[in-house]
Amino acid sequence: MNILIVGGAGYIGSHCVRQVAAAGHRPVVIDNLAFGHRAAVAPDVPFYDVNLGDEAAVGKILVDEKIDIVMHFAAFAYVGESVHDPLKYYFNNVVATLGLLRAMLAKGVKKFVFSSTCATYGIPEKMPLVETMPQAPINPYGQTKLDVENALKSLALAHGLSFAAFRYFNAAGAAEDGTIGEDHNPETHLIPLAIDAATGKRPPLQLFGTDYPTPDGTCLRDYVHVDDLSRAHIAVFPKLETPGVGFFYNLGTGTPTSVREVIKAVEKVTGKKVPYTEAPRRAGDPPALYADSTKAKTGLDWKVKYNDIESIVATAWKWHSAHPNGFGK
Ligand SMILES: NC(=O)c1ccc[n+]([C@@H]2O[C@H](COP(=O)([O-])OP(=O)(O)OC[C@H]3O[C@@H](n4cnc5c(N)ncnc54)[C@H](O)[C@@H]3O)[C@@H](O)[C@H]2O)c1
């Protein structure tokens, strides 16, 4: 099939482009390079430097490339910035996405895979998180993702759109061959920050909160390898054959890992000390967030290949050690 990967030059999207090709499909990429990297996508993959909200341009690509399924990874994803500049987030993550969906419906493309997030759950009362638990985002970023989830339900009912929305936990790691990986600017994710602190590329890591009600006092998160995430997006294709169906899946390993455990894994894998300073808790950081991904594991026959933090960090280290300046920007 011809798969349009919107945001395909970004971190998760670029890994998915490779998995889509490896599964025997034909990837086509749209990315306006607001954050992504052209070099993250192989030169032989059709690439359109287009804003996803440009309905005319997107509509033409859908027809010209005979697109069967659209995967949508493109969004702004800095929680703190979304609090200070909500309009930027509502316009890009919601309004532009509605434009993309309208272009799809106009051209009769009715299969959609969406990157949602565990941030739609807000501060949950119980762990692990199951898809049916209440969603109450505590920041505009999480709200924009929930708004799109809700729009998808309406479009399935009204227009027969078939969709899957994946609620990712913490995407991590890099391609096994170390040729593409995470390169965000600014970087806010723990594993690249810890690796860069270990190599001296960045200042010591700040460890926010050491007095949480967790075994070692630091926050627990669920790190899931970017290639494992990508494989779920492909495993869902057969489900989208039925018009008007909608699925929501958590994607995590289900293993809670603390900040201190991540630091230990980085030290073990790199053989270097991770310098860090202890800082107060950050507002809005729940003590623990981890998934019950039974629904994806049973319903999609989704198997997690990278089940432990060290194996995930090892792939990240392969990428970062070979590309200390990321894609070189
Ligand atoms: N990284 C995580 O841990 C994580 C966790 C939960 C959810 N998500 C979601 O997964 C998706 C991908 O995350 P990522 O870490 O790969 O982000 P990323 O920033 O690396 O990739 C997003 C890509 O979308 C592109 N883009 C943004 N707005 C665009 C627009 N209007 N038109 C065209 N292209 C546009 C950017 O240039 C970038 O290449 C996002 O939707 C994010 O909200 C990520």
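**Exercise 1.** Find the buried residues of α7 and say how enclosed this helix is.

*Solution.* Begin with the list: V226, D227, D228, L229, S230, R231, A232, H233 and I234 are the buried residues of α7. Here, buried means that 20 or more other C-beta atoms, placed from the backbone, lie within 10 Å of a residue's own; exposed means 12 or fewer, and partly exposed is in between. Next, since 9 of the 10 residues of α7 are buried, the helix is largely enclosed by the rest of the structure. Helices are DSSP runs of H or I with at least four residues, strands are runs of E with at least two, and both are numbered from the N terminus.

A word on the source: this is a predicted model, where local features need pLDDT of at least 70 and side-chain atom pairs count only at pLDDT 80 or more, while totals for chains, interfaces and linings use all residues. Residues are numbered from 1 along each chain as its sequence is written.

**Exercise 2.** Is P203 buried or exposed?

*Solution.* First locate P203: the loop between α6 (190-199) and β8 (205-208) holds it. Then count: P203 has 12 C-beta neighbours inside 10 Å, so it is exposed. Finally, compare P203 with R18: they are 185 residues apart in sequence, and 33 Å apart in space from C-alpha to C-alpha.

**Exercise 3.** Which parts of the chain form domain 1 and domain 2?

*Solution.* Domain 1 takes in 2-172 + 223-251, and domain 2 takes in 190-221 + 254-322; such bounds come from an automatic or database domain assignment. Over C-alpha atoms, the two domain centres are 24 Å apart.
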